[in-house]
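Come along and check each entry as I go.

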Amino acid sequence: MTETQPIALPQLSVVVPVRNEVGNIGPLLADIEAACQTLGAFEVIYVNDGSTDGTAAALSELGATRPWLRAIRHEQSCGQSAAVRTGVRHARAPVVVTLDGDGQNDPAFIPAMVEALHKAGLQAGLVQGQRVGRKDTGFKKWQSRIANGVRGRILKDGTRDTGCGLKCFRREAYLALPYFDALHRFMPALMVREGYQVTHVDVRDRSRLTGVSNYGFFDRLWVGILDLAGVWWLIRRRKRVPQIVPETL
């Protein structure tokens with residue numbers, strides 16, 4: 001009688017929020033798999049945020065031959081931050097990587113980001129990707145420059161590109177952050193607020209393979225101004241982070 005081998009718990013969870021990205025799922029998933037091959041046990045969690053195209057069917061078909069692929073579905077679209085949070089809450093690994101589902105974030109940078117997090121030690125809560133060679137339209141890049149500039153001057157988070165979806169962080173650190181819509185755009189400032197260090201890695205931006213943007217409009221300063229004010233208030237109200245001293249008996 002052959003004993004059943006225990007299934008190894010993943011050491012890395014890759015969370016991908018998607019809405020109506022049926023044409024990008026297969027190619028992006030292949031890139032993620034190739035990037036994670038040398039990282040030990042991993043899982044990929046796609047959060048289908050109320051898609052109305054063939055996204056659910058594509059994930060079901062791909063999952064039939066990929067035991068490390070998990071799909072979670074929102075009944076209706078709740079936004080990118082909500083989709084990311086759903087994925088992180090269901091993640092089984094202590095380290096999580098997020099990236100956008102349109103294929104513009106290159107999964108080839110995942111190993112470098114995971115390595116940077118481990119090298120930085122337990123005080124590091126987040127490795128934030130910062131895009132170079134962005135493929136967005138000139139108008140959207142202008143919007144991002146204005147928003148990032150204002151955010152940086154107000155929050156002083158030391159990050160030039162918080163809108164990059166490619167992030168690597170400790171699951172427990174993320175779940176300790178105050179949750180609100182557009183949280184993913186303010187993670188560096190909020191990680192510092194919780195006493196964690198933030199590391200940055202430059203990542204290559206790619207062109208979207210198919211479809212049109214479903215997320216990303218929170219780059220606009222006039223949409224996110226209330227969130228910016230709220231994060232500024234949270235930072236000012238934060239008291240000293242307690243440092244626990246081990247007891248000696």
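**Aromatic pairs**

I looked for aromatic pairs and found that the structure holds three. A reminder to myself: this is a predicted model.

I noted Phe42 and Trp68 as a tilted aromatic pair, with 5.2 Å centre to centre and 45° between the planes. Phe42 sits in strand E2 (residues 42-49) and Trp68 in the loop between helix H2 (55-63) and strand E3 (69-74), so this pair ties together parts that are 26 residues apart in sequence.

Next I wrote down Phe180 and Phe186, another tilted aromatic pair, at 6.2 Å centre to centre and 40° between the planes. Both Phe180 and Phe186 are buried.

**Cavities**

I then asked how many cavities of 30 Å³ or more there are, and the count came to two. The second largest cavity holds about 60 Å³ of space. Its lining includes Pro17, Val84, Asp100, Lys167 and His184. Helix H3 (80-90) and strand E6 (167-170) each give at least two residues to that lining. By type, I listed five nonpolar, four polar and two charged residues in the lining of the second largest cavity.

**A loop residue**

Last, I found Ala176 in the loop between helix H6 (171-175) and helix H7 (187-193). Ala176 is partly exposed, at 44% relative accessible area. From Ala176 to Met191 I noted 15 residues in sequence and 9.1 Å in space, C-alpha to C-alpha.

Methods. Residues are numbered from 1 along each chain as its sequence is written. This is a predicted model: local features need pLDDT of at least 70, side-chain atom pairs count only at pLDDT 80 or more; totals for chains, interfaces and linings use all residues. Side-chain values use heavy atoms; hydrogens and water are left out. On a 1 Å grid over the protein atoms alone, a cavity is a set of points where a 1.4 Å probe fits but cannot get out, and a pocket is an open set with protein on both sides within 12 Å along at least five of seven lines; lining residues have an atom within 4 Å of a point. Grid points are joined across faces, edges and corners, and a volume is the space filled by probe spheres set on the points. Helices (H or I, at least four residues) and strands (E, at least two) are DSSP runs, numbered from the N terminus. Ala, Val, Leu, Ile, Met, Phe, Trp, Tyr, Cys and Pro count as nonpolar, Asp, Glu, Lys and Arg as charged, and the others, Gly among them, as polar. Buried means under 20% relative accessible area, exposed over 50%, partly exposed in between (1.4 Å probe, protein chains only). Rings of Phe, Tyr and Trp (its six-membered ring) pair if their centres lie within 6.5 Å; planes under 30 degrees apart count as stacked, over 60 as edge-to-face and the rest as tilted.
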